[in-house]
Structures are given as structure tokens and as C-alpha cells.
Amino acid sequence: MNVPFYGHQRQYLSIKDEIDAKMQEVLMSGQYVQGPMLKQFEKELAEYAGAKYAIGVGNGTDALWLAFMALGLGEGDELITNANTFFATAEAMWIAGCTAVLVDCDPRTKCIDPDAVRRAISKRTRAIVPVHLYGQCAPMREIRQIADEYGLLVIEDNAQGIGARGDDFAIGELSDAVGSSFIIQKNLGTFGDGGAVWTNHSYVNDRIRRLRNHGSNRRDVHSFGFNSRLDDLHAGILSAKLKHVDEWSNRRIQIAAQYSAGLRGLDFIELPVARSGYHHVFHLYVVETVNPADRDPMLDYLVKNGVDAKTHYSIAIHKQEGFPWDKPTRIAGSLAHAEKNAASCISLPMFPELTQEEVDYTIQVMRGWRG
Ligand SMILES: Cc1ncc(COP(=O)(O)O)c(C=O)c1O
């Protein structure tokens with residue numbers, strides 16, 4: 001049996017009529033950039049997120065740096081995030097001219113460690129950028145408290161967490177802005193690139209709407225800006241998919257529970273930890289090998305046996321060749337847990353259209369590892 005890592009076509013086929021109808025609607029409207037479908041999707045997304053404003057942009061990386069810029073962050077400003085995130089979290093900081101400050105993660109959840117954030121604060125610190133890694137919310141209450149104590153902004157990197165919740169907070173409730181990605185493989189993914197910012201600040205909404213469109217919100221009138229818009233075709237696909245995202249996340253949660261039940265007790269891997277009361281939407285199901293030396297052979301073994309496992313992310317940001325490319329950066333404290341995560345992580349296939357046979361087979365193969 002071959003268990004794929006992604007199920008993009010399966011998802012398309014499962015709601016083909018709804019997606020095709022949206023694409024037809026956009027094509028027939030004659031308006032493909034900042035047209036009516038983008039407006040409609042932005043409204044639906046804001047409602048879904050419980051935010052006052054949602055702004056569609058070109059991708060999740062742009063969502064982050066546009067949010068940083070709109071909040072007035074730039075040169076000389078330090079932004080703190082965890083080292084074991086996708087590269088784009090730090091990249092967005094550099095694009096905005098900010099200093100990326102990398103801290104360690106919580107060894108259990110892999111999300112940012114609030115104590116490490118606290119220790120990293122300097123007089124240049126202006127913002128914290130918690131990442132809802134693998135689909136689990138970062139500890140936003142603790143982050144909010146630190147931000148309040150030191151007068152910092154908070155921008156959530158929600159590329160992996162749409163639909164997730166904390167125990168007593170929603171994404172966006174405790175921050176200044178949220179950046180999301182809609183790239184293909186995300187829990188809400190289009191057939192290409194896309195992203196959005198949501199916020200309750202009207203000035204952030206106004207600024208991003210101008211920044212994404214050549215500094216313009218009126219024909220022929222410009223200030224400095226960029227071109228980063230969510231195309232209407234993508235907005236249409238996302239509008240069709242948004243109606244299903246919670247049911248898809250529930251299926252992911254069910255698969256994660258089956259993986260965890262089937263793999264419990266194996267002494268060569270550690271299973272993902274969901275914080276009590278948190279609604280973890282399992283964008284990824286990431287195990288860690290107890291012995292980092294097992295990771296590459298285990299990955300090889302899984303792939304050879306038909307289970308398309310991957311790594312997220314096997315080289316931490318600060319270990320990339322050439323780091324930090326003359327970009328303003330500070331490593332704050334030990335990154336031992338982030339480094340252990342990079343050395344030992346394995347992501348098992350995780351998408352809502354996985355069949356029961358594929359889930360069972362993945363468990364069976366994993367259980368058969370002999371080292
Ligand atoms: C945590 C995280 N941040 C940012 C991004 C960037 O999003 P995009 O690829 O849409 O630019 C991604 C995903 O790709 C991500 O996983």
C-alpha cells in the first residue's frame with residue numbers, strides 16, 4: 001500500500017461541484033483582482049474568525065510582514081519567535097526590516113516557551129510573534145500577559161492553525177493581528193498561494209488594504225506600497241472550502257487520536273502533546289524519535305514501506321547555511337529543545353481524506369520499526 005502525504009485531488013473531488021461553481025462565478029463576473037468574490041470571502045473569513053476585519057493578501061509570508069509594517073514595526077525593532085517554526089516567520093521579520101529574535105520552544109508542545117520569551121526581552125523588543133505550530137495554539141494567555149507587562153505588540157502566525165482554539169481564548173482575541181496562509185496543503189488551502197490578515201484595529205485594516213495594492217485605495221492615488229492581493233479565483237475556492245474546514249479539522253483530530261492510540265507505548269518515539277482544553281486541529285501529526293540518530297533511518301524505512309512521511313522542519317532556522325545572511329538577528333538563550341525537535345521530528349501523513357486502511361497501515365508500519 002502507498003499512503004500519500006497530501007490529498008489535494010481527493011479534497012477537490014469531494015466538493016468538486018461547489019468549487020467548480022465558484023470558479024465559474026468568478027470567471028463569468030469578469031472581475032478577477034479585488035473583485036466581488038474577494039470582498040465576499042473577506043466577509044466570510046472575518047465572520048469565521050470573529051474579527052472585525054479580514055484582508056486577503058498574496059500568501060502567508062506577506063500576511064505577516066504586511067501586518068508588521070501596518071503596526072509600525074521596522075528597522076531596529078526586535079520581534080521574538082521560536083526557532084523551530086517554518087522559515088517564513090523569521091523571513092517576514094527581515095522583509096519588514098525588523099530584527100528576528102529566536103527563542104526556544106516548550107519541549108512538550110513545541111510551541112513558543114513564554115519563559116524563554118521573557119528572558120529574551122531587551123529595550124529594543126517591540127513584538128512577540130507566537131506560532132500556532134502544527135495546528136495547536138501557542139500559550140496566548142501567557143504571551144498576552146508578558147506583552148502587557150512590557151508594552152509589546154503581538155502578531156499571531158496562524159499559517160498552521162485555522163480553526164484551532166485555546167482553552168479560554170480564540171485566535172485573534174489576544175493579539176493585534178493574525179497572519180494566515182492558504183497555500184495548498186494548509187487546513188484551509190487553495191490551489192496555489194494565498195493568505196490573509198485579520199485584526200480588530202481599523203488602522204491596520206486601512207493600512208494593509210493600501211499596502212497590498214500599490215499604496216492605493218482610490219484610482220490613480222498612490223503612496224509607497226506593494227502588490228500582494230488574494231486573487232478572486234483563489235477567494236472563490238477558499239469560500240467553498242471554508243464551509244468545510246471545521247468538519248475537515250474534526251476528521252484530522254479523529255485520525256490523530258487513532259495514530260496516538262495505535263502508537264502509544266512504543267519506546268522509540270514520542271507522540272504529539274495537546275495541551276489540556278486546547279482545540280488542536282492537527283495540521284501536522286509530528287512524532288519525535290527518542291534517539292535523534294534514528295530519525296533518518298526511520299524516515300527512510302517509512303518511505304520504503306509506502307508511508308510518505310516528511311519532516312517539519314529538519315533544519316532549524318539558525319542552522320540554515322549562511323544564516324543569518326547579514327539580516328538583523330539575535331539568538332536569545334539556549335535553543336536546545338528546538339534543535340532536538342529539528343533532529344528528531346517525523347510528520348506522518350495527515351489530511352482529512354485519508355482512508356481508514358491508510359491510517360491503519362501507517363500505524364502498522366510504524367509499529368514494525370526495529371531500528
Ligand atoms: C508557520 C508558517 N508561517 C508562515 C508560512 C508562510 O506561508 P506562505 O507559504 O503562504 O507564504 C507558513 C507556510 O507556508 C508556515 O507554516
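A polar contact is a pair of N or O atoms within 3.5 Å; within protein, one must be able to donate a hydrogen and the other to accept it, and residues adjacent in sequence count only if both atoms are side-chain atoms. In this structure, an oxygen atom of the ligand is 3.5 Å from an N or O atom in the side chain of N59. The model is predicted: local features need pLDDT of at least 70, side-chain atom pairs count only at pLDDT 80 or more, and totals for chains, interfaces and linings use all residues. Residues are numbered from 1 along each chain as its sequence is written, and side-chain values use heavy atoms, with hydrogens and water left out.

A polar side-chain atom of D157 lies 2.7 Å from a nitrogen atom of the ligand. For Q160, an N or O atom of the side chain is 2.9 Å from an oxygen atom of the ligand. The protein covers 93% of the 380 Å² of accessible area that the ligand has on its own; such areas come from the Shrake-Rupley method with a 1.4 Å probe, and for residues only the protein chains shown count as cover.

The ligand takes up the space of the largest pocket. On a 1 Å grid over the protein atoms alone, a pocket is an open set of points with protein on both sides within 12 Å along at least five of seven lines, whereas a cavity is a set of points where a 1.4 Å probe fits but cannot get out; lining residues have an atom within 4 Å of a point. A molecule sits in a cavity or pocket if more than half of its atoms lie within 2 Å of its grid points.

Helix 4 (60-70) and helix 5 (87-95) are the elements that give two or more residues to the shell around the ligand. Helices (H or I, at least four residues) and strands (E, at least two) are DSSP runs, numbered from the N terminus. In total, 14 residues surround the ligand, and the closest are G60, T61, D157, Q160 and S181; a residue is counted as near if one of its heavy atoms lies within 4 Å of the molecule. By class, this shell has 5 nonpolar, 7 polar and 2 charged residues. Ala, Val, Leu, Ile, Met, Phe, Trp, Tyr, Cys and Pro count as nonpolar, Asp, Glu, Lys and Arg as charged, and the others, Gly among them, as polar.

At the start of helix 4, a side-chain oxygen of N59 reaches to within 3.1 Å of the backbone nitrogen of T61. N59 also has a side-chain N or O atom 3.5 Å from a ligand oxygen. Helix 4 is mostly covered, with 10 of its 11 residues buried; buried means under 20% relative accessible area, exposed over 50%, and partly exposed in between (1.4 Å probe, protein chains only). Among the buried residues of helix 4 are G60, T61, W65 and F68. G72, which follows helix 4, has a positive phi near 85 degrees. G74 lies in the loop between helix 4 and strand 2 (78-82), and G74 counts as buried because its relative accessibility is 13%.

G179 counts as buried because its relative accessibility is 2%. The C-alpha atoms of G179 and A54 are 125 residues apart along the chain and separated by 9.8 Å.

Two aspartates have backbone angles to note. D220, in the loop between helix 8 (202-211) and helix 9 (232-242), has a phi near 75 degrees, a positive value in a residue other than glycine. D220 counts as exposed because its relative accessibility is 65%. D326 has a positive phi of about 65 degrees although it is not a glycine. D326 counts as exposed because its relative accessibility is 80%.

The loop between helix 11 (295-304) and strand 10 (329-331) holds Y313. P324 and D326 lie in the loop between helix 11 and strand 10. The peptide bond from H312 to Y313 is cis, with omega near 10 degrees, and the bond from F323 to P324 is cis, with omega near 0 degrees.
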